[in-house]
Each structure stands twice: as C-alpha cells, then as structure tokens.
Amino acid sequence: MHEVVSITAHSEIRLQSAPSPMPLQVRNLTFATDNTEILKGIDLDLATDHLTVLMGPNGAGKSVLLRLLHGLLEPTSGDVRWSGQPLTKAIRKEQALVFQKPVLLRRSVSANLNFALGLRRIPDRAIRLKEALADLGLESLARRPARVLSGGEQQRLALARALILKPKVLMLDEPTANLDPASTLLIEQAISKVRRSGVKVIMITHAPHQARRLAEEVVFIHAGRITEHKPAKAFFDRPESEAARAYLAGEILI
Amino acid sequence: MQDFAHSFTLAGELIVSGNEDLAEIIALSMRVTATALGISALIGLPFGAILAVSRFPGRGAITVLANALMGLPPVVVGLSVYMLLSNAGPLGPLQLLYTPTAMIIAQAVLITPIIIALTRQVIADLNAEYADTFHSLVVPWHTAVGALLWDARFSLITVLLAGFGRAVAEVGAVMIVGGNINHVTRMMTTAIALETSRGDLALALALGMVLLLIALAVNGAVAFLRGTERSAAHA
Amino acid sequence: MSLFKRLAAGVVAIGLTVGASAAAFAADKFIVVQSTTSTQNSGLLDYILPKFQKKSGIEVRVVAVGTGQALKNAANGDGDVLLVHAKPAEEKFVADGFGVKRFDVMYNDFVIVGPKNDPAGIKGMTDVTAALKKIADSKAIFASRGDDSGTHKKERALWKQTGIDPTAASGDWYRETGSGMGATLNAAAGMGAYTMSDRATWLAFKNKDALEILTQGDDRLFNQYGVMLVNPEKHPNVKAEAGQEFIDWLIGAEGQKAIASYKVDGEQLFFPNAKGSASN
C-alpha cells in the first residue's frame with residue numbers, strides 16, 4: 001500500500017516537471033544522395049501533445065526523415081524548425097534518438113548511463129540512475145558489461161540512456177524490431193510512461209499492432225512523400241491513400 | 001647449428017648466473033624503452049585520436065605523413081637527434097648527447113609516428129560505430145576522444161606493444177646518440193652489435209635470445225593483465 | 001580543453017625530468033673519449049681505463065666508432081679527448097684548430113688475413129704491395145672497410161702504392177662493406193675473402209673461422225695511435241682539465257706500462273711509444 005502511494009507521488013513529480021512544448025515545423029524538406037532523391041519536398045507540422053508514428057514501406061524515407069529532424073543529416077534543401085527555431089545544439093540537447101541497432105559503450109550498464117549523465121549538468125545523478133534502471137527493468141544488470149547483454153536488454157539500455165537526460169522529444173527508429181516479447185513490452189511501457197509525462201514521441205515502426213497500441217497519430221510516407229497524416233484511429237479505420245491501404249493489407253509496396 | 005646450440009646454453013648460463021653487467025644492461029634497456037614509450041603514448045594516443053575524429057585542413061596530409069614516418073629508418077632518426085643534441089647543434093648546451101636521455105628522445109621520435117598512425121586507425125574504426133550516437137547525445141569533442149580512447153583500450157594496448165617492440169629492438173639510433181658507452185648507455189641491442197663486431201657470435205646470439213625472452217615476458221604480462229581485466233569487466 | 005591541459009602538463013613534467021637528469025649527468029666527474037673500434041674490440045680500453053679511474057676518480061666514457069666518424073664527432077665538440085689511428089687526418093684536425101696538441105701513444109700493425117686455402121697465393125709474403133697486387137691479379141675477393149676509417153685510409157694508401165685502383169672492381173672482387181672492422185672480418189669469414197685488419201682486433205676476434213694471417217711484417221703496415229685534447233677554445237664544454245689529466249696519464253709511465261701489459265692469449269697487442277712531447 002505504502003509502495004503504491006509512493007509510486008503515485010513519484011509520477012506526480014514527473015508530471016510537474018513536464019517539458020515545455022516543442023512543436024515541429026517542416027517545410028519543403030528534400031534529401032538526395034548522388035543519384036537518388038529520397039525525400040521529395042516534405043511539409044509536416046507536428047503538435048507537441050501526440051505520439052506520432054511514422055509508417056511506410058521499406059525505403060520510403062522514414063529513417064532519413066527522423067535523422068533530418070534530429071540533425072544527424074543535413075537536408076539537401078528545405079527547413080526543419082522546432083519551436084520556430086532552426087536545429088541548434090541547445091535544441092538537439094532537448095532531444096533523444098534511439099536507433100534500431102543500439103550502439104553502446106564498451107562499459108557496464110550503469111557506466112553507459114553515467115556517461116550520458118556526465119554530458120549535462122545534472123544535480124541528482126544517483127536518483128536519475130536508479131529511476132532509469134528501474135523504468136526498464138535493468139536493476140539486476142547494472143554492473144554487467146553492456147556488450148554481453150541480449151539484444152532486448154541492449155535496446156532497453158539504449159532507451160534508458162535516451163530517457164535519463166529527460167528529453168522533450170523522444171525519437172525511436174524501429175526500437176523493438178527483432179526483439180523478444182518481454183523486452184518489447186518493457187519498451188512499450190516505458191514509451192507510454194514518458195508520453196504520459198508530456199514528452200513528444202516520434203517513432204518508426206513496421207509492426208501494425210504496435211502502431212495501433214501506441215499511436216495517437218500516424219504519418220504515412222511512401223516514395224519520399226507524405227501521403228497521409230491523421231489521427232491513429234482514423235488512419236487505421238479509413239486509410240485514404242492507395243499505398244496506405246495496400247500497406248495495411250500486408251501487400252508488398254515498392 | 002652448433003652456434004645455435006652453444007648460444008642456447010650460453011643464454012641459459014647468462015640468465016642463471018645473474019650476471020651483474022647483463023642485469024644493468026637489461027635494466028637500462030627497459031628504463032629507456034619504457035620512458036620513450038610513455039612519452040610517445042602521451043603524445044601519440046590523444047593526437048592519433050584527435051586525427052581520427054576531427055576534420056581540419058591538412059588532416060589527410062598529416063595522416064599520410066604519420067603513416068609514412070612509421071617506416072622511418074632508425075639510423076636517420078639517430079642522425080637527426082645527434083645533430084640536434086651535438087655540441088655543434090642547437091640543443092648542445094643541454095649536454096644530453098651520449099646519455100640515456102638522448103636514447104629516450106631518439107626512441108620516442110622513432111615510435112611516436114607508429115603510435116599516432118595505429119591509434120588513428122583504431123579510433124577511426126571505433127568512431128565509425130559511435131559517431132551517430134555521440135552526435136545525437138551532443139557529446140563535446142574532447143569527451144568523445146576520451147571515451148573512444150577508453151573504449152578502445154584493449155586494441156590500444158596492442159598498439160603500445162607494437163611501439164615497445166620497435167623501440168626495444170632498435171639499434172641504429174641509440175648507437176649513434178647513446179654511443180654504446182659501457183655502464184652508461186650500453187643496451188641490449190648495442191651490446192649485441194658490439195659482440196657481433198668482436199666476432200663473438202655465440203654471445204651475441206645469446207644476448208639476442210635474452211632480449212627475445214624479455215619481449216616475451218612483457219607481452220605475456222600484458223596479455224595476463226588484459227585477460228584479468230577483461231574477465232573482471234565481464235564478470 | 002581539459003585534455004589539452006592534461007597533455008600540456010604531462011609534456012612539461014617530462015621536460016623537467018629530462019632537464020633534471022641532464023643536470024645530474026653534468027654533475028658527474030667524467031670525460032668522453034672518441035675512439036676507434038680497434039681499441040674497444042681488442043679489449044684494451046676495458047683493461048686500462050679502470051686503472052686510470054681508480055687513480056684519478058675520473059670516469060672515462062668511450063664512444064667507439066670508425067676514425068672518420070670519431071674525428072667528425074670530436075670536431076662537433078662531442079667528446080673531450082680523441083684517441084685514433086690516422087696520423088695525417090689527426091694532424092689536419094689539430095692544424096684546423098679542433099685539437100690542441102697531438103701525442104703519439106702506441107702502435108701496433110696491420111696484417112692481411114685471408115682464407116687458409118689462399119687462392120691468391122700470398123702466404124708468407126712480407127711485401128704488402130706485392131701481396132695486394134697478387135690478390136688483384138687473381139681477382140680473389142677482398143673485403144674493404146669502405147668507411148673512411150683509419151684502417152680504410154691506410155688500405156687505400158697501400159693500394160695507391162701498387163698503382164691499382166681496386167674501386168674500379170668494386171662490387172666485383174673488391175667488396176666495400178661500409179662497416180666496422182669486426183663486421184668486415186665477419187663478412188670476410190663468410191665470403192672467404194682477404195681483408196686488412198689491425199692486429200689487435202684480429203687477435204681478439206672470435207669468429208676467425210677459416211681465416212688466418214697471410215701477410216705481415218712490412219714496415220708499411222705500421223699503425224700509429226695518437227691522442228689529443230679537443231680544443232676547448234672551439235667548444236667551451238670540453239673538460240680540458242680532466243681530459244688533459246687522462247692524456248698525461250696515458251702517455252706517462254703508468255699508462256704506457258698498462259698498455260704494454262695488456263695481452264690476449266699471451267700476445268702483446270699494443271706497443272707504447274709515447275715520447276711525452278708533440279710528434280710534429
């Protein structure tokens with residue numbers, strides 16, 4: 001009983017420290033390599049209070065878009081603005097990106113988290129570390145070298161490292177692809193929890209069930225263009241574009 | 001073949017006898033090479049890592065230069081350091097020629113490019129894996145360099161061993177700047193050269209075997225330490 | 001920035017250490033003698049120097065290189081005393097102001113060694129130029145130092161007297177090793193070649209293999225050693241007092257006696273002949 005109360009109190013604190021909003025504005029965003037145009041002039045506005053899922057067939061340009069939004073790639077042309085500002089270091093520090101394949105330092109689980117904590121001025125490090133380990137079920141693995149963890153444990157650690165800095169925007173690129181159900185569940189729970197605390201979440205997933213469970217709105221991308229952008233329920237119930245219908249029906253799209 | 005067998009016996013006798021001169025020579029060899037390696041590591045590890053992660057004009061040229069300098073002939077290094085330290089040279093007033101310090105400088109000059117070039121390669125490979133994550137986390141460049149060096153430490157130990165091997169086996173440079181002075185600058189390699197010129201090939205070969213044993217011992221000790229740290233890290 | 005600071009601190013620390021050790025070395029009482037490989041390889045210096053150190057308390061540090069390099073090093077001021085065997089070059093060294101005064105110390109002689117089967121047939125000859133001519137005529141392999149050392153200078157002078165220019169056959173039967181006496185003897189042993197060596201190095205040499213002395217006893221094979229102080233007026237770092245003390249000992253009664261008493265296998269290697277005055 002006592003524990004339940006304390007957890008509630010804990011959540012209260014998190015809600016109080018809810019990040020200030022960071023709306024996204026994308027205008028005419030184009031990205032091309034030497035011979036291929038991957039994104040063909042994208043316009044996108046995302047509000048701060050949604051969990052947005054990017055969907056679309058392989059090669060549609062979802063990952064490239066996510067990287068452009070986070071500044072890991074430079075656009076060929078066009079504009080990415082967060083809260084009306086171009087991507088600066090200060091803005092990027094408020095964001096976190098979890099890659100499909102986790103990249104972890106060759107150190108223990110807690111050392112990986114401490115590395116992230118050491119990058120910012122954070123007063124209550126020990127508490128943060130404990131929270132992050134607990135949120136993703138990593139307490140018993142804290143002293144293990146990150147490199148010997150299972151794929152699911154590694155991805156949980158990558159997510160914990162992203163969350164420990166309390167970003168205002170969390171981006172995830174197929175975070176649960178090829179993971180065991182237990183890890184998938186833990187990761188989805190953690191995503192839901194941060195979403196409830198007011199963090200903007202943008203994630204890519206290929207799993208329709210996961211999208212139905214988590215998404216509040218869906219952006220469907222096909223062949224470098226956004227073909228649909230609407231609330232999740234509307235998207236799943238009445239997909240408008242041919243491509244989205246085919247995709248949801250499980251057909252192969254090129 | 002008789003010489004070989006004789007040398008083996010001689011090497012064994014030398015080690016067992018606890019010959020004082022030999023102990024002195026080994027101690028000097030180790031002190032000079034360890035110090036030179038320390039200096040080279042202090043310069044080469046950070047410099048090689050910075051070369052691997054940063055982008056600045058002339059970076060490619062410096063990389064090519066470091067790679068090329070790995071093949072620097074020791075005699076050329078010896079001569080250059082001699083000309084610097086000679087009483088007729090710019091650093092003559094320091095009176096360093098024919099001292100262990102001169103040999104340390106020569107060995108450090110010889111192996112620093114090796115440490116730089118190999119470190120750059122090791123760190124560049126690791127950075128290819130880490131770069132996006134570091135960029136995403138907004139890691140300052142000096143923190144990134146430190147983290148890469150630390151995470152590559154097992155590979156970098158091999159880099160340092162390569163430098164150690166080159167330095168400890170080197171004779172041309174230390175002969176010129178050290179002078180092979182008995183009890184002052186006589187090292188394993190210069191002693192081997194001296195015994196060879198005296199025609200005492202068996203003794204020279206025996207000393208060579210002792211040197212090989214030392215190199216084996218150093219490598220073995222490092223492998224052991226590395227093994228225990230690894231297993232501790234993986235426990 | 002912090003990495004740079006740590007790096008800079010490390011470099012400064014090393015600089016201080018190096019400086020301190022340099023100071024420590026300068027404080028010791030020692031002199032550096034530039035000498036030739038023959039005095040070292042024969043074991044003479046290992047034998048006589050402890051006697052001097054015991055008496056004077058001065059440590060003698062010997063850098064043993066070819067005479068050519070020894071002269072060059074000494075001209076650079078990298079040494080206090082020069083002990084070599086190439087009289088004309090030594091006289092030039094003094095005349096050019098690099099050395100103070102040259103003294104005769106001792107002599108030994110050169111010998112022509114070669115394979116026991118003696119393809120050129122010079123065994124027992126006492127006329128060195130005739131022997132060299134026979135080697136050239138038979139095109140038997142001859143290993144030359146080729147390093148501008150005292151021995152090499154002597155060898156070239158002898159070839160000049162034969163009227164033959166062996167360097168025309170360089171790479172053919174005339175092989176220039178470009179290295180010290182010991183290395184050249186090793187090469188000669190390996191190739192079954194003739195070569196010219198100072199007797200001291202030859203006697204102390206352990207890898208004689210199939211080589212033996214074939215020609216000796218010609219007056220022209222005489223090998224004079226000289227000693228001189230490096231000019232402190234050219235190089236103020238030269239330890240003139242200690243260096244002169246060593247020279248005085250070497251050409252004095254004690255040093256001369258020590259040289260004469262050094263024997264390898266019962267054979268005397270160097271013959272003291274100091275006059276206690278300048279030779280020219």
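User: Which residues have the most contacts inside the largest nonpolar core?
Analyst: In this predicted model, the largest nonpolar core is made up of 215 residues. Helix H5 (residues 100-137) of chain B gives the largest share of this core, 20 residues. Those with the most contacts inside the core are Ala106(B) and Val177(B).

User: Which residues does Ala106(B) touch, not counting residues up to four places away in sequence?
Analyst: Contact here requires C-beta atoms, placed from the backbone, to lie within 7 Å. With residues up to four places away in sequence left out, the partners of Ala106(B) are Val77(B), Gly78(B), Val81(B), Ala173(B), Val174(B) and Val177(B).

User: How do the residues of the side of chain B that touches chain C divide into nonpolar, polar and charged?
Analyst: The contact draws 26 residues from chain B and 32 residues from chain C. On the side of chain B, the elements giving two or more residues are helix H2 (20-53), helix H6 (141-151) and helix H9 (188-197). By class, the residues of that side are 12 nonpolar, 12 polar and two charged.

User: And how do the residues of the side of chain A that touches chain B divide?
Analyst: Here 14 residues of chain A are in contact with 14 residues of chain B. Helix H3 (89-92) and helix H4 (109-117) of chain A each supply at least two residues of that side. Its residues divide into nine nonpolar, one polar and four charged.

User: How far apart do the end C-alpha atoms of residues 31-254 of chain C lie?
Analyst: An unreviewed UniProt entry places the feature "domain: PBP" at residues 31-254 of chain C. This span is 41% helix and 26% strand, and its end C-alpha atoms lie apart by 19 Å.

Note on methods: Residues numbered from 1 in each chain as written. Chains lettered and ligands numbered in written order. Predicted model: local features only at pLDDT ≥ 70, side-chain atom pairs only at ≥ 80, totals over all residues. Contact = placed C-beta atoms within 7 Å. Helix = DSSP H or I, 4+ residues; strand = E, 2+ residues; numbered from the N terminus. Nonpolar A, V, L, I, M, F, W, Y, C, P; charged D, E, K, R; others polar. UniProt positions renumbered as here; feature names shortened; annotations may be inferred. Core = buried A, V, L, I, M, F, W, Y, C linked by C-beta atoms within 7 Å. Buried ≥ 20, exposed ≤ 12 C-beta atoms within 10 Å, placed from the backbone.
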